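Please look over the sequence and the model below before reading on. The paragraphs that follow go through the structure part by part.

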Amino acid sequence: MMADMSEVFFICNNSNRKEKKNGKGMRRKERKTPHTWTHPVLRVPMTEWTYKKRSRGKLQGRPASQIQYSNKKDSSPPPPPAIGSAAGETMAASPIDSAWESLIGNFSEFQLASVVTFFLHESVFFLSGVPSLLFERFGLFAKYKIQKKSNTPDYQNRCVLRLILYHVCVNLPVMILSYPAFKFMGLRSSLPLPHWTVVVSQIIFYFVLEDFIFYWGHRALHTKWLYKHVHSVHHEYATPFGLTSEYAHPAEILFLGFATIVGPALTGPHLFTLWLWMALRVLETVEAHSGYHFPWSPSNFLPLYGGSDFHDYHHRLLYTKSGNYASTFVYMDWLFGTDKGYRKIKAIEAEERKHL
Ligand SMILES: [Zn+2]
Ligand SMILES: [Zn+2]
């Protein structure tokens, strides 16, 4: 029995309790501040409610008398939290919290940061990229297609096969080998998860920083030698579709990876934030290469966001005349005057619409 009991062993900080007499002269215990508990495996501070939730699998079916706590002076189980209390507030984040707990319970941090990250990236990339390939192949949503030209099925298949080859032979080994570098940056995967305000502010910072680095790196890739030997691979598809976003020379894949991780390297990321950032960045670049500008495209709603129309222009012009070098936003090209050709075309199109 004692062996079973040890499963629910936890440390209770009892120092914040004091005894006080009530009106009838009886001693009663009054809590000055909420208990803090330490999870026996995860070693993280927990509220009473989250402790009970985490331990529910072990507690189910056992009478309360069989549950032994480490604190000898007070062996009563922790009381439920009051509605609206701090512990109650934890309830809102509990599904993500529980899912994360089971994830870190089933995989090592190395497996999560390398192989699981790889499969997560592949899932987000192919699931978001395949629709625009199918739209183009079957002539769907032709009204919203930016260019009149279409890629042949053979040309599309060639892109997909090379992508799988590059991802397995370049991306996966890089993800495995870079784990020590991520640890050095301060990567962590333990609970508690970062607060949503931290996650949102970090991801906005990552987008702005990545856009800045990508702009200057991309301009460098459009110089004669680098274009001929490296960046021309990405520009083989003058009529892009979602999956062409990652179709690039291995050297460029490494550069893109570098621009993506500078932000996380500076902030010391939680793996949860890193995954969310990676997913959003993939969705953004796939949309920018989709070749379709829909009424619901994010550039119609998000100020300063470039999107598909902005980047499609970059692909359909000669490498020396294209402009629109930034990855996500429009302000870098505006600030440095590399969007003049695009703005001129947009002004002409607006004028033509007026006379229709
Ligand atoms: Zn380019
Ligand atoms: Zn591109």
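In which loop is Asn324 found? Asn324 is in the loop between helix H13 (307–316) and helix H14 (331–335). Helices here are DSSP runs of H or I with at least four residues, strands are runs of E with at least two, and both are numbered from the N terminus. Asn324 has a positive phi of about 50 degrees although it is not a glycine. Asn324 is buried, with 24 other C-beta atoms within 10 Å. A residue counts as buried if 20 or more other C-beta atoms lie within 10 Å of its own, as exposed if 12 or fewer do, and as partly exposed in between, with C-beta atoms placed from the backbone.

This is a predicted model, in which local features need pLDDT of at least 70 and side-chain atom pairs count only at pLDDT 80 or more, while totals for chains, interfaces and linings use all residues. Residues are numbered from 1 along each chain as its sequence is written, and chains are lettered from A and ligands numbered from 1 in the order in which they are written.

The pLDDT is the predictor's confidence in each residue, from 0 to 100. The protein chain averages a pLDDT of 80, and 74% of the residues score at least 70. Over residues 1–35 the pLDDT is below 50, and this stretch has 45 contacts in the model beyond near neighbours in sequence. Two residues are in contact if their C-beta atoms, placed from the backbone, lie within 7 Å. The pLDDT also stays under 50 over residues 48–90. Where pLDDT is low, the predicted coordinates should not be read in detail.

The protein chain has 15 helices and five strands. Of its 356 residues, 27% are buried. H13 is mostly covered, as eight of its 10 residues are buried. Among them are Phe310, His311 and Tyr313. The buried residues of H13 pack against H12 and helix H15 (340–354).

How do helices pack in pairs? Two packed helices are described by the angle between their axes and the distance between the axes. Axes are lines fitted to C-alpha atoms, for helices over the stretch in contact, and angles run from 0 to 180 degrees between N-to-C directions. The axes of helix H9 (residues 196–221) and helix H12 (residues 271–288) come within 10 Å and cross at roughly 45 degrees. That makes H9 oblique to H12, where angles under 35 degrees count as roughly parallel, over 145 as roughly antiparallel, 65 to 115 as roughly perpendicular and the rest as oblique. In this contact, Val199, Gln202, Ile203 and Tyr206 in H9 meet Thr273, Leu276, Trp277 and Leu280 in H12. These residues divide into six nonpolar, two polar and no charged. Ala, Val, Leu, Ile, Met, Phe, Trp, Tyr, Cys and Pro count as nonpolar, Asp, Glu, Lys and Arg as charged, and the others, Gly among them, as polar.

H9 also packs with helix H11 (residues 250–267), at an angle of about 145 degrees and with the axes 9 Å apart. The contact of H9 with H11 has 10 nonpolar, five polar and two charged residues.

Two loops remain. Pro192 lies in the loop between helix H8 (179–185) and H9, and the peptide bond from Leu191 to Pro192 is cis, with omega near 5 degrees. Phe141 is found in the loop between helix H6 (109–138) and helix H7 (153–177). Phe141 is partly exposed, with 13 other C-beta atoms within 10 Å.
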